[in-house]
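Biologist: I would like a close look at a single part of this model, with the terms spelled out as you go.

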Amino acid sequence: MEPYVIPLAELGIGDVETVGGKNASLGEMIANLSSLGVSVPGGFATTAAAYREFLANDGLDERINATLDALDVDDIEALSAAGKQIRQWILDAPLPSALTDAIAHHWEALAGGRDIAVAVRSSATAEDLPDASFAGQQETFLNVRGFDNLIKALHEVYASLFNDRAIAYRVHQGFDHRQVALSVGVQLMVRSDVGSSGVLFTLDTESGFRDAVFITASYGLGETVVQGAVNPDEFYVYKPALKSGHYPILRKNLGSKAIKMVYSENSEPGKTVNTIDVDEADSLRFSLDEDDIITLARMAVTIEEHYGRPMDVEWGKDGNDGKLYILQARPETVQSRSGRSIQRFTLKGRSDVLSKGRSIGQKIGSGQAKIIRNVNEMSRVQTGDVLISDMTDPDWEPVMKRAAAIVTNRGGRTCHAAIIARELGIPAVVGCGDATESITDGTTVTVSCAEGDEGYVYAGELEFEKQQIELDSLPDIPVKIMMNVGNPDRAFDFASIPNHGVGLARLEFIINRMIGVHPQALLEYEKVDEDTREAINEQMAGYSDPVAFFVDKLAEGVGTIAAAFAPEPVIVRMSDFKSNEYANLIGGELYEPDEENPMLGFRGAARYVADSFRPCFDLECRAIHKVRDEMGLTNVQVMIPFVRTVSQAAAVIDILRDNGLERGKDDLKIVMMSELPTNALLAEEYLEHFDGMSIGSNDMTQLTLGLDRDSALIADVFDERDAAVKKMLEMTITACRKQGKYVGICGQGPSDHPDLARWLLDQGIESMSLNPDSVIETWLFLAGQRV
């Protein structure tokens with residue numbers, strides 16, 4: 001006879017039919033990964049045989065099956081009534097004495113005379129299989145103490161197999177109710193109520209990028225993260241750096257972490273935890289230190305390598321013993337099923353932004369806004385509506401599939417709304433904070449997740465384009481196609497487009513969006529006025545040192561782009577803000593001159609060699625050095641913009657060398673922008689100091705033709721294809737080829753004018769760096785011209 005209860009330590013992945021995927025996976029990790037540093041709390045599991053024996057009593061299974069056979073799950077009211085009836089039948093039926101006796105035996109063995117607390121979770125026998133995701137559909141009970149409360153919790157978990165969402169999901173996924181049984185896992189609690197917890201994935205959940213571990217973390221028990229009740233901290237860890245011994249943390253994003261779930265004094269199942277506010281000082285700190293982030297990532301990679309596929313893992317840090325534990329591990333079921341084609345969505349216009357938050361899904365959707373404040377209002381959501389709520393939970397799933405998009409006040413990228421949106425293939429913006437207040441019920445809105453890490457809810461129905469790209473169908477062409485990438489949030493996504501690296505990674509975007517403070521104000525933090533200092537403090541929350549904040553955030557941005565495209569080269573252009581743009585940063589007006597024509601003023605190399613700006617440039621160099629040296633991303637190359645004289649070029653090279661960035665050292669290449677006529681006319685002299693040139697067609701056109709590219713009065717004269725401009729481009733290409741050095745173009749011209757791209761190819765250009773949205777079109781154009 002099959003046992004009713006089995007210790008987790010005696011289970012393995014071959015026991016899915018006996019104890020379900022979740023419990024089988026826990027046993028698998030305890031048996032095989034404990035010696036490799038993966039810590040999993042012990043416990044035991046009831047078996048599918050015990051569940052079936054329970055349902056067989058008094059014809060309970062026959063009544064359940066007859067009810068489900070007659071049910072239309074798309075009829076929400078009928079689904080609710082049927083689910084409620086079935087759950088009551090289960091709760092009214094007594095558990096077999098043989099089962100309670102077996103549980104008592106294993107409970108006593110687990111407790112060993114101690115007063116223990118356990119988590120009681122479901123593990124369906126069709127759950128956590130590679131193509132199924134039942135996560136969160138059955139009930140979970142935390143901090144369960146005492147045998148009688150354990151039995152009550154187990155009974156509730158049995159009944160939860162027939163929650164409305166679970167019934168609907170099985171029907172929609174083609175699972176036969178009769179073939180699904182339930183195991184209940186009983187696992188020792190980790191005291192994350194006084195520590196922290198969260199969810200991690202062994203790939204990027206948005207793009208499917210496989211070389212990163214994505215970790216979310218918040219204070220207290222992990223249910224707040226899973227449910228989306230809290231906006232957690234987020235961390236990205238680079239797997240190759242973990243293996244090579246380099247510094248592996250790519251990104252650290254501070255979440256608001258406003259609440260946390262802790263133990264309560266009530267012992268009744270369902271009432272054993274409370275949600276309380278997090279102290280403001282704690283919410284402004286990261287909930288994991290760097291050592292813990294790295295340890296978690298190592299555990300994640302170990303788990304992934306054992307299972308041989310991307311994994312979705314829940315973890316907890318015990319606040320008493322300070323150790324990290326793995327609580328669940330299951331296959332990731334969305335991105336790992338993605339094929340070799342990608343979709344690109346692009347808005348064709350903008351309108352008023354009603355709300356914004358974390359973007360999920362990289363798509364765009366529009367429809368009538370339906371603000372749903374509780375589960376009783378769900379029937380208001382019709383096909384094509386935009387569902388807007390404070391947060392969602394599994395009870396909402398039957399109507400979520402009707403929505404064109406989902407918007408929530410709370411939640412991070414691993415919350416319930418985010419997970420379901422990915423599975424349904426619809427855009428979601430989570431963690432907006434104010435969506436249910438700032439959006440008017442019944443109005444038409446457009447939800448855009450196609451603009452980076454931040455998602456936007458726009459007023460009205462906006463037009464957008466959708467492009468399907470078959471990644472295996474692009475022909476060979478005799479030029480390297482690179483990309484212009486300034487936004488680290490899009491790097492993993494853009495890296496999936498066929499490419500030969502990044503020809504232009506602008507520091508301005510990172511400094512503006514991720515830092516937002518003038519570097520001189522950070523260097524003189526103690527000297528700035530109180531208002532400026534308060535603004536800086538708000539911007540650098542989570543960091544204690546202003547200068548380290550600048551260097552670390554800049555390194556994060558550059559490192560993310562470099563990791564996304566490794567081992568292909570990533571050419572990073574050092575900052576090229578104009579004085580009016582620098583003045584817009586926090587504290588900027590304290591240090592920037594008021595220039596009549598900033599376009600031709602204090603910018604580029606002139607800044608780097610100036611005594612007033614040199615310390616700021618040194619910070620940029622420190623960030624690049626960190627990316628190459630500490631993070632091991634030696635595919636990063638350096639590019640210097642707006643070099644007016646050959647002596648200026650020599651001076652900048654000396655400054656770079658003083659900061660540890662020396663040409664040729666660890667294969668470092670330093671190139672310059674060719675964007676002024678002097679650069680083309682004296683190309684051979686400039687190339688004595690640089691490893692190549694990248695043409696900036698915008699400034700070269702402006703300065704060759706003597707016009708202001710921002711002036712509408714002479715906009716018709718601006719044309720990169722003008723004969724004089726092309727002469728400058730030709731001189732640059734010829735000089736570089738003569739010396740056997742790199743020559744590319746990173747300006748707007750080839751993106752806007754495929755015929756210019758073809759001309760450049762004929763001149764012998766080595767690479768073209770294009771805007772991501774024009775890569776495929778230009779690639780195919782060049783291939784077609786070759787035929």
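Biologist: Are Tyr236 and Phe492 buried or exposed?

Modeller: Both Tyr236 and Phe492 are buried; buried means under 20% relative accessible area, exposed over 50%, and partly exposed in between, with a 1.4 Å probe and protein chains only. The model is predicted, so local features need pLDDT of at least 70 and side-chain atom pairs count only at pLDDT 80 or more, while totals for chains, interfaces and linings use all residues. Residues are numbered from 1 along each chain as its sequence is written, and side-chain values use heavy atoms, with hydrogens and water left out.

A pair of aromatic rings is described by the distance of the centres and the angle of the planes. Rings of Phe, Tyr and Trp (its six-membered ring) pair if their centres lie within 6.5 Å; planes under 30 degrees apart are stacked, over 60 edge-to-face, and the rest tilted. That rule gives 13 aromatic pairs. For Tyr236 and Phe492, the ring centres are 5.7 Å apart and the planes stand at 65°, so this pair is edge-to-face. Tyr236 belongs to strand S8 (residues 233–238) and Phe492 to helix H15 (residues 491–494), so the pair ties together parts that are 256 residues apart in sequence. Helices (H or I, at least four residues) and strands (E, at least two) are DSSP runs, numbered from the N terminus. The two residues also form one aromatic cluster with Phe209 and Phe214.

Aromatic rings elsewhere carry charges. A charge sits over a ring if NZ of Lys or CZ of Arg is within 6 Å of the ring centre and within 35 degrees of the ring normal. The charged end of Arg63 sits over the ring of Trp89, 5.1 Å from its centre, and Arg170 lies over the face of Phe162 at 5.4 Å from the ring centre.

Another buried side chain is Gln187, which counts as buried because its relative accessibility is 3%. Gln187 is in strand S5 (residues 182–188). Contact means heavy atoms within 4.5 Å. Apart from neighbours within four places in sequence, the contacts of Gln187 include Leu26, Val40, Pro41, Ala117, Val118, Arg121 and Ile326.

Burial can also be followed along a helix. The buried residues of helix H23 are Gln648, Ala649, Val652, Ile653, Ile655 and Leu656. On the other side of H23, Ser647 and Asp658 are exposed. Just after H23, Gly660 has a positive phi of about 85°.
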